[in-house]
Structures are given as C-alpha cells and as structure tokens.
Amino acid sequence: MPADVIAELTPTMRSVVERMARAQHTPMWEMTVQEARQAYGIGAGVLEIAKPALARVEDLHIPARDGFQIPARLYAASWDPLQPVLLFTHGGGFTIGSVDTHDTLCRELAHLAGCMVVSVDYRLAPEHRFPTASNDAWDALQWLAAEGMALGADTGRLAVGGDSAGGTLAAVNAILARDAGIDLALQLLIYPGCAAHQDTPSHARYSQGPILTKPMISWMFSNYLRTLTDRDDWRFAPLLAPDLRGLAPASIHLAQCDSLVDEGVMYAERLRAAGVDVDLHTYAGVAHEFVKMGRALKEARACHAQMTQALRAAFD
C-alpha cells in the first residue's frame, strides 16, 4: 500500500491494517469461495463491540419468488407491539458474509434505535448469480411490508439498510419500493456500491487497500455477474437508475479511505438532484468495513450513533 495512503489513516486504523498485514492471511481471491466465507466468518467479529443482549432474537424464513425459503433473523430490544422495523442486507460482495457475520451490528442497531431489525441471509454467488441477491432482498421487503404486523412490526414505519453490497441491495430496494407504492421511512446506506465500473479516482487511489482491494472486488464481481452486460443493470449499479425522484430519505455513511467513497458521494449527489433528502457522513481516516470495528475505532461508534439518530428521526 502506498505511503501516502497509509498516511491518510488515523493511528488506530493504521494499527489495525498493520496487524492484519502481519497476520499474512492468504488473499481472499486466491481462496475457494468456501474458504473465503469461512475466513471472513472467523474474522468478522474480532474488532466488534460486545454483543448487546436483546429481549428478542429469532430465526425465521421468508418465501422467495421461486419457492426458496430465505433465512433471516429478527432482533428487537423488547416485545413491545408495533415497533418500527429495519430490513438489513449484509455486505460481502454478494459472495461472502451472512446474518452471522453482521449479527453484532444488527443487534447494536436494534438496541440503540429501539427498533426491530430483520437481517436477510440472501443467496450468495457464485452458486446464485445476479440478480438472485437483489430478487431475494426485494422479496424479503415485500413480505415484510405485507406480513410484518404478525411479527409485531409497525409496517407503516419501515426502513431498508445495508453495508457495501448490502448497501447496494438496500438502495435498489428503495427504488423498487417507490415503484410498488411501499412507503419507506429511510434508506440507510453504509459505503454502498453504486457504480457499474470501478473507474473512479478512489478506486485507483485505494486499489491496494486498505481492507478492500482491486483484486478482491474483481474476484467478488466475477463470482456474482453472469455477463459484462449485467454491469449495465441498475440493480447492480444504482447510479444507472433512470429516475431517483420520490425515493425515501437517505442516510449515507462512507469511509474516506475506501475504493467505494467516490461512487457513494456520486449517488448522494444524484439523490439530492432528484429532490431526495440526503444526510451524508464521510468518516475521515478510516477504511471499508470500519463500521464493524467498534471495539477499536471511535469512528465506528460515532457512525453507530449517527445511524441511530437517523433511524429514530425517520421513525418518529
């Protein structure tokens, strides 16, 4: 990684990156998919805050359009009826990640925001290529809007959210919800992927990391996409959506030292140009995945607080 990129990092973020480099793990793109999923699962919680205890944590299944039962997990800080609800889609480049790897983050959001969170274990690539992840996320949102009251959710106060690839899915869900007449209170986007091609200045600057590298992104997208033409589908690249008017307000959280930061800013600008209310936060000196490093990074805890504030305000 270039010295000028390392110099941009906060001392704590730099220490995290240096410790990861010393561990000398096999690069993800040189592993099998199953090995990569296992490695990510092992490391996912190392720098997380302690798991908040919640009154209610339940595994459930959501029917997909092809009859598949999508695993999901419900989190709630209480058994109170008619709680607002966030549908959360995890990151991992559509190839790795799971409800388990994002368990602590979803617990924290439910705990701090006082809302119900439903985390979706959508199907992963390469076993299930584009647009399966997007279809699963949209099927889950439609189901939650229709059936959520049976879970104790107030479906009149419904939000979508996710990180990285999960942020892409949340952004797509917000567009589909508008078109289907499902009223959303908020779209909570954490360093979402938004562009068809990885050709922004930030992709060039951070191609060697930290955390997210060009070979890693290429490996993930080669697993997910069927053909090059899939890149031109707005369900992969929300920046290509023809019309963003009338979407739910957006709370967008980006890392400064991240390949995805430029496209996140570009998406925020397109939303604002379409008249959408956007609250944009860029956290200085931190990298992709920082939101799941709350034990080490004060910026992660600040992000948790900002997301909580956005959810509470949207659900008010």
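Predicted model: local features only at pLDDT ≥ 70, side-chain atom pairs only at ≥ 80, totals over all residues.
One of the pairs to look up is Ile252 with its bridge partner Leu280 in β8. To get from β7 to β8 the chain passes through helix α9, residues 261-273, in a right-handed β-α-β crossover. As for β7 itself (residues 250-257), seven of its eight residues are buried.

## Helix α4 and what covers it

Helix α4 spans residues 103-113, and nine of its eleven residues are buried. Among them are Asp103, Arg107 and Glu108, along with Leu105 and Leu109. The cover over these buried residues includes strands β1 (56-63), β2 (69-76), β3 and β4 (116-120), plus helix α10 (298-315).

## Gln83 in strand β3

Gln83 belongs to strand β3, residues 83-89. Is Gln83 buried or exposed? Gln83 counts as buried because its relative accessibility is 5%, and the cut-off for buried is under 20%. Setting aside neighbours within four places in sequence, its contacts include Gly114, Cys115 and Met116, as well as Asp154 and Arg157.

## The annotated domain

UniProt, in an unreviewed entry, places the domain "Alpha/beta hydrolase fold-3" at residues 86-291. Over that stretch the chain is 35% helix and 21% strand, and the end C-alpha atoms lie 17 Å apart.

Methods. Residues numbered from 1 in each chain as written. Heavy atoms only, no water. UniProt positions renumbered as here; feature names shortened; annotations may be inferred. Helix = DSSP H or I, 4+ residues; strand = E, 2+ residues; numbered from the N terminus. Buried < 20%, exposed > 50% of the residue type's maximum accessible area, 1.4 Å probe, protein only. Contact = heavy atoms within 4.5 Å. Pairing = 2+ DSSP bridges. Right-handed = clockwise from strand over helix to strand, strands pointing away.
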